Amino acid sequence: MVGLYVALVLIGWINIYAAVYNEEHRSIFDISQNYGRQLVWIVTSVVLALFILAVDAKFYNAFSFILYLLMLVLLVAVLFLGKEISGAKAWFQLGSFSIQPSEFAKVTTALALARYMGTMDINLKSFRTQLNTILIIGIPVVLILLENDTGTALMFAGFVIVLFREGISNKIMLTGLFIIVLSVLSLVLDHLLLIGILAVSAIMAIFIRRHGRSLKKILIILGLLVLATGYVFAVDLAFDNLLEEHQQNRVKVLLGIEDDPRGIGYNVNQSKIAIGSGGFFGKGFLQGTQTKFDFVPAQSTDFIFCTVGEEWGFLGSTIVVGLYVLLIVRIILKAERQRTTFSRIYGYGVASILFTHFAINIGMTIGVAPVIGIPLPFLSYGGSSLWAFTIMLFIFIKLDIKRLELI
Amino acid sequence: MKAQDEQRKLIIIGFILLIGVIFIFRLFYLQIIDKSYILSAQNNVVRVITQYPARGLIYDRHGELMVYNEAAFDLMVIPSQVTAFDTLEFSQLIGLDKEEIKERLMKAKKYSMRKASIFEKQISKESFSFFKEKLHKFPGFYVQSRTLRYYPTRIAAHTLGYIGEASPMTIEEDPYYKSGDYIGISGLEKTYEGVLRGKKGVKRVLVDVFGREKGSFQEGKFDSTAVKGQDIYISIDAKLQAYGERLMTNKKGSIVAIEPSTGEILALVSAPAYDPNLLVGRVRSTNYQILSADSLQPLFNRALSATYPPGSTFKSINALIALQEGISTPSTTYGCQGTATVPIKCSHYHSNPLNMYRAIEISCNPYFWQTFRSIMVSRSDIHDSYTMWRRHVLSFGFGARFNSDLFNESKGFIPQPGYYDKYFGKNGWKALTIRSLSIGQGEILATPLQLANFAAIIANRGYYYKPHLLRSINDSIPDADYREKMMTTISPVHCQVVVEGMSRVMDGPEGTGRWYRVPDIAICGKTGTAENPHGKDHSIFVSFAPKDNPKIAVAVVVENSGFGATWAAPIATLMIEKYINGEVKRLNVEENMVTSNLIDSR
């Protein structure tokens, strides 16, 4: 895992250099440029990692709630003291660097979740447990949403994977899935058609399950139908009123409702052009024209994968995708061999968060996920995210090293 | 581990692998299968920038610079880079009021936030240097240079012509031109467009999303440098041209001076003229409208495009034809009863009868009517006679264009026999019907250029070189066409008769031009007074000098001014004096010509 970590961080650094590279600042160590600064972040991350490994493994379990509460305080504080960058008030300004607490909130939330669900024989089927779990995840989400940092907040949805592993019932999972599918369909399809489809499936459900047919069940199905119909309209209402216009547009572009390569679809289109022009072997290190010349927005942060795709081609991108899959799967396998529930759940938390970022970030650069402003773990430029992911991963590494001592 | 947990672990891992595989497939599609993205990438970053060459310069025959390029500056703006600025200071610098500035900024924004658009066209060099120091105060604004034509001598506007943006039609016809390119529109600028324009170069640069240049594309492998246009030397004598324009001040008409031994045009004056600098740069369209609305038609190049009845200057031709055809001899005499003569009266009082020399000296109408009549009855059919006559006339270059390097020549008009058939019926006309032709009136029309060429023919005793303007392009002398002797149908011996006659016009006791002798130059000339339907007669004079080994042939037309001897003759002799002696001693004549206003007194 440490090897994979090092590999990804170095790939990130090289590609940030390539993305920002210009003739005036040739040195990769130039601190005035993003790649120079990323080196600072990398070095400090190594120090952090060593520090984490030095701390007693029991500390994380013991202090998880305290860290979690501290983080909530910071999240509230940033609402009042934070600095606004591109519309989100999510940063503390410290000299020339800024820190984004919401990145670290993922770590503390994972810890708190692991602690809560790992304490006793928690029964995920009880309403009380469910409520507490939702609160642990929900409070930071709400605070981050208040910061107007929707992207980061959305990443907390990744914890669903943890809940799934820990035994959340299939019904809840399926209901969730149904709601997601219904939401998408209600944006894409004509409402009457969709309601028609729902009604037909409801009637079919009633007739197919002949033997268990009772008035109660029929009423339940009909009740669900009414709920679903209401939901279809609610989605539209929420979409139009709750989401910001640029968020609506990003969803619309992804779903193919609107297509405007120069306007709202610009980011994705340019990103696809950059990646697509890479070919099999890519254009070579520093040879990328699309990313280097700022055609792709945020190319050293959220769209860093474009540089990989353009300069290293299909080969390089596949390797990077492979590295992520390998890392995440390894974390899961290691999580499974943990002896404490805390360590296992935390491991799953790490894997889930990494996976969500990986899936959404790369997905958006190749046009299969909506554009959500989140970093690609370890690769993207940014101190907060690199630190946060490093801390997150190395806590698990420490737990894994000490797994035989932790009971 | 519970079975359910094991199962869910596998589901989760499977899901992660699935996403990974989907990504790899998607990447495979984007990067390997779909080639369109590679093309998009090229369009995105390589921008083709045209390098404009400097246009060739134009020099006169003595190497005096007549047209050169001067840098002008367009003030450009990129709205997205504009920050709040001191509009008061800006408006003082640029000379626009606040409202106008705001309006133009809005216009630029509407065009594009990130692309540059012209804020103010062609600011002067002075305001540019002033502006340059302050430019840092106004981010988003910058200055782009562009070359304009300048005419230091301020003369020969019609001859030099002007340049302007290529029309959509031109762009469609010739792929060399792109929208906004300059092209010669009239005069030499048009005729020698291909020589003067040079060759545009192409530079391919990589640009980023904001259109900022980031260096050359593939080390400039595909670039071509602009090739400067070639300089041309023209036959115009700038001093003579300027003098001619001065003489024509406040007159309508033209002067054409030709070097008979080469056909090179020394001066080509059309009056009223205009300052060629008026049709340059930002003032061009305004001035063009003013000039084209002027009832005196200053844009019209009378020297090449206007046609006049040649009047009495044409009598010499009839004399030459009669001599050539053996119808007359120099000593053939006809009688003249002065104003009582039929069918054409004589306006002069002179001794009687008279031979050809004296007829030319005095410009006796009846004499040339008799000559013309003899020509027209020399064949049994008037058609044959007229066709013969016309063939001789055409050999002088009348009735057709020379098709050298002159812009917008008129053909003039020498009617075909069919023309008269149409008017009078096939057998309805005879010499008497077309008697006006004997004295250069009637249907025939000639341009001042043709008249000057006619003078050059007499000077050469029977041949000419195509009148033209080009001397050399970058020291190489082109176009053998201009060095081909164009023979007329008339033998030199007969021409000598007319030379003598024209000499007596100036030197004879009754010569119609005798008042404007130049003491030490033997000038040969012929006056003409062209009646015309547009008012007072045109005053015409054709001449050359010196009589032997002529250096210059001049034709002058002064519209609606009266007798040929009154205006055209003095102007022509002043031109000759100026050209041959380099200075004019007859200052009273010069003064009189320059100060006379024949436009307002009309």
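## Contacts of Val554(B)

Beyond its neighbours within four places in sequence, Val554(B) is in contact with Ile255(B), Ala257(B), Ala452(B), Ala455(B), Ser543(B), Ala572(B), Met575(B) and Ile576(B). Contact here means that two C-beta atoms, placed from the backbone, lie within 7 Å.

The model is predicted: local features need pLDDT of at least 70, side-chain atom pairs count only at pLDDT 80 or more, and totals for chains, interfaces and linings use all residues. Residues are numbered from 1 along each chain as its sequence is written, while chains are lettered from A and ligands numbered from 1 in the order in which they are written.

## Nonpolar cores

The largest nonpolar core has 126 residues. Val554(B) is among the members that touch the most others, along with Ala257(B), Ala452(B), Ala455(B), Val556(B) and Met575(B). Helix α18(B) supplies the largest share of this core, nine residues. A second, separate core holds 104 residues, including Val141(A), Trp312(A), Ile360(A) and Ile362(A).

A core is a set of buried Ala, Val, Leu, Ile, Met, Phe, Trp, Tyr and Cys residues joined through C-beta atoms within 7 Å. Buried means 20 or more other C-beta atoms within 10 Å of the residue's own; exposed means 12 or fewer, and partly exposed lies in between, with C-beta atoms placed from the backbone.

## The five-stranded sheet of chain B

Chain B has an open, antiparallel sheet of five strands, ordered β12-β11-β18-β17-β16. Its edge strands are β12 (264–271) and β16, each pairing on one side only. Neighbouring strands are turned by 10 degrees against each other on average, direction ignored. Helix α18 (residues 448–460) of chain B packs on this sheet and touches β11, β17 and β18 of chain B; its direction makes about 145 degrees with that of β18(B). Axes are lines fitted to C-alpha atoms, for helices over the stretch in contact, and angles run from 0 to 180 degrees between N-to-C directions.

Helices (H or I, at least four residues) and strands (E, at least two) are DSSP runs, numbered from the N terminus. Two strands pair if DSSP finds at least two bridges between them.

## Strand by strand

Strand β11 (residues 253–259) of chain B runs antiparallel to β18(B), with six bridges. Gly253(B) has Val558(B) as its bridge partner in β18(B). Seven bridges join β17(B) to β18 (residues 552–558) of chain B, in the antiparallel sense. These two strands form a hairpin with six residues between them, and Asn549(B) in the turn has a positive phi of about 55 degrees.

Strand β16 (residues 524–532) of chain B joins β17(B) through eight antiparallel bridges. Cys524(B) is bridged to Phe544(B). Two residues separate β16(B) and β17(B) in their hairpin. Why is β17(B) largely enclosed by the rest of the structure? Nine of the eleven residues of this strand (535–545) are buried.

## Chain A

Chain A has 15 helices and three strands. Of its 407 residues, 44% count as buried. Among its contacts between residues at least 6 apart in sequence, 69% join residues at least 24 apart.

The three strands of an open sheet in chain A follow the order β1-β2-β3, with antiparallel pairing. Strands β1 (83–85) and β3 (97–99) of chain A are the edges. The twist averages 55 degrees from one strand to the next. Strand β2 (residues 88–94) of chain A pairs with β3(A) over three bridges. Phe92(A) stands opposite Ile99(A) in β3(A).
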